[in-house]
Amino acid sequence: MIAASLPSRQPKNWQQQMAEAVTSPAALCEALGLDPVRAGVADSLFPLRVPQAFIARMRRGDYHDPLLLQVLSVGAEQAAVEGFVADPLQEAAARRAPGLLQKYRHRALLLATAACAVHCRYCFRREYPYEDNASDDGRWNAALASLAADPQIEEVILSGGDPLSLSNARLESLSQRLAGIGHLRRFRIHTRQPVVLPDRVDDGLCQWLAKLPWRPVIVLHCNHANEIDDAVRQSCARLRAAGATLLNQSVLLAGINDSAAALCELSRALDGAGVLPYYLHLLDPVRGSAHFDVSARTALSLHGAMQSELPGYLVPRLVREKPGAASKSPVRNEED
Ligand SMILES: *Cc1c(COP(=O)(O)O)cnc(C)c1O
Ligand code: SF4
């Protein structure tokens with residue numbers, strides 16, 4: 001890729017875009033020419049939140065738009081469904097320090113902030129108790145001390161919330177402190193921001209990435225090919241130019257991406273943006289998300305269809321999270 005194709009951009013201020021995100025279901029319906037009653041909207045304790053940049057990729061007048069369905073708060077969330085609970089992953093057991101989770105060997109997850117640019121209705125952290133994870137740097141002290149004290153930990157994963165909700169200055173101060181922990185060999189970021197708010201990938205972020213003492217791995221979160229437009233492709237190109245390896249994780253969601261065609265198109269669109277598919281997750285059974293559930297049997301058949309349609313490197317691993325397991329668990333044939 002030639003440098004000239006990656007112009008330095010002075011994007012619209014992303015923080016302002018985050019602050020101006022749409023939070024009213026009625027306003028979102030109006031922007032898309034939809035009748036809120038027919039769309040089934042309802043208020044929720046996990047409020048609607050979606051930036052204009054993401055709304056711009058939704059189709060007007062389409063009640064089944066795959067991007068809309070990821071963010072619109074609807075009455076179906078209020079249904080009590082057996083097996084769908086507040087903390088499906090039982091993460092409390094994995095808490096090593098305030099804001100630090102460790103479930104798997106050699107890698108730990110730092111919940112760097114609770115804030116997200118978008119609220120995804122199926123999010124397994126929608127009921128996560130974040131209050132011990134407030135936003136001033138001092139709150140990271142215990143987590144950083146815990147990381148520093150355990151030489152077994154080779155990799156830190158910035159997660160949240162969305163870690164790229166933090167300003168470049170705060171990311172810099174965090175990474176400087178992490179760089180002082182000699183046994184950290186890998187640095188990863190789990191983020192949806194370059195997809196939902198591509199202007200987040202500004203010059204300062206790229207400069208920060210390029211200067212890190214590790215080659216950063218960025219795991220994006222994108223569920224449908226329609227999420228990837230020119231602005232997202234350009235942001236991904238800038239992240240790669242800054243030295244990042246780009247992967248993607250998706251959640252299999254009924255009515256959104258639960259067809260072989262949608263999943264294959266997503267892999268092709270990711271490839272076109274220079275991103276490799278990493279995981280395709282079965283939905284975590286969090287309360288309020290049962291209407292997105294896809295059975296393991298259907299998931300396996302969709303995954304099989306992807307394998308016969310795509311090169312192996314464009315087929316994500318189909319996994320589910322089981323509390324207490326040593327890693328994400330591959331979904332296998334013998335399951336229901
Ligand atoms: C998913 C997850 C990871 C990362 O797992 P990988 O298989 O390495 O991608 C790490 N820690 C926690 C707590 C996780 O939930
Ligand atoms: S961006 Fe990630 S953490 Fe935030 S609501 Fe969506 S899935 Fe959850």
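Student: How far is an oxygen atom of ligand 1 from an N or O atom in the side chain of Arg 107?
Tutor: This model is predicted, and the distance is computed from it. A polar contact needs a pair of N or O atoms within 3.5 Å. For the side chain of Arg 107 and an oxygen atom of ligand 1, the separation is 2.7 Å.

Student: Which distance separates a polar side-chain atom of Tyr 278 from an oxygen atom of ligand 1?
Tutor: Arg 188 also places a polar side-chain atom by an oxygen atom of ligand 1, at 2.8 Å. For Tyr 278, the corresponding distance to a ligand oxygen is 2.6 Å.

Student: What share of the area that ligand 1 exposes when taken alone does the protein bury?
Tutor: Taken alone, ligand 1 exposes 380 Å². Of that area, the protein buries 93%.

Student: Which pocket is the space taken by ligand 1, and which elements give two or more residues to the shell around it?
Tutor: Ligand 1 takes up the space of the largest pocket. Two or more shell residues come from each of strand 2 (100–104), strand 3 (107–113) and strand 8 (276–281).

Student: How many charged residues does the shell around ligand 1 have?
Tutor: Among the residues surrounding ligand 1 are Lys 103, Arg 107, Arg 188, Glu 321 and Lys 328. The shell also includes Leu 109 and Ile 157. By class, it has five nonpolar residues, no polar ones, and a charged count of five.

Student: Where does ligand 2 sit?
Tutor: The residues around ligand 2 include Cys 116, His 119, Cys 120, Cys 123 and His 221. By class, its shell has four nonpolar, three polar and one charged residues. Ligand 2 sits in the largest pocket.

Student: Are the rings of Phe 187 and Trp 208 stacked or edge-to-face?
Tutor: The count of aromatic pairs comes to four. Phe 187 lies in strand 5 (residues 186–191) and Trp 208 in helix 9 (residues 203–211), so the pair ties together parts that are 21 residues apart in sequence. The ring centres of Phe 187 and Trp 208 are 6.0 Å apart and their planes meet at 80 degrees, so the pair is edge-to-face.

Student: Near which value is phi of His 106?
Tutor: His 106 lies in the loop between strand 2 and strand 3. His 106 is a residue other than glycine with a positive phi. That phi is near 70 degrees.

Student: In which loop is Gln 90 placed?
Tutor: Gln 90, a residue other than glycine, has a positive phi near 50 degrees. Its place is in the loop between helix 5 (68–71) and strand 1 (95–97).

Definitions and conventions:
Residues numbered from 1 in each chain as written. Chains lettered and ligands numbered in written order. Heavy atoms only, no water. Near = heavy atom within 4 Å. Polar contact = N/O pair within 3.5 Å; in protein donor to acceptor, adjacent residues only side chain to side chain. Areas by Shrake-Rupley, 256 points an atom, 1.4 Å probe, with all protein chains shown as cover. 1 Å grid on protein atoms, 1.4 Å probe; cavity = no way out; pocket = protein on both sides within 12 Å on 5 of 7 lines; lining within 4 Å. Sits in = over half its atoms within 2 Å of the grid points. Helix = DSSP H or I, 4+ residues; strand = E, 2+ residues; numbered from the N terminus. Nonpolar A, V, L, I, M, F, W, Y, C, P; charged D, E, K, R; others polar. Phe/Tyr/Trp six-rings, centres within 6.5 Å; stacked < 30°, edge-to-face > 60°.
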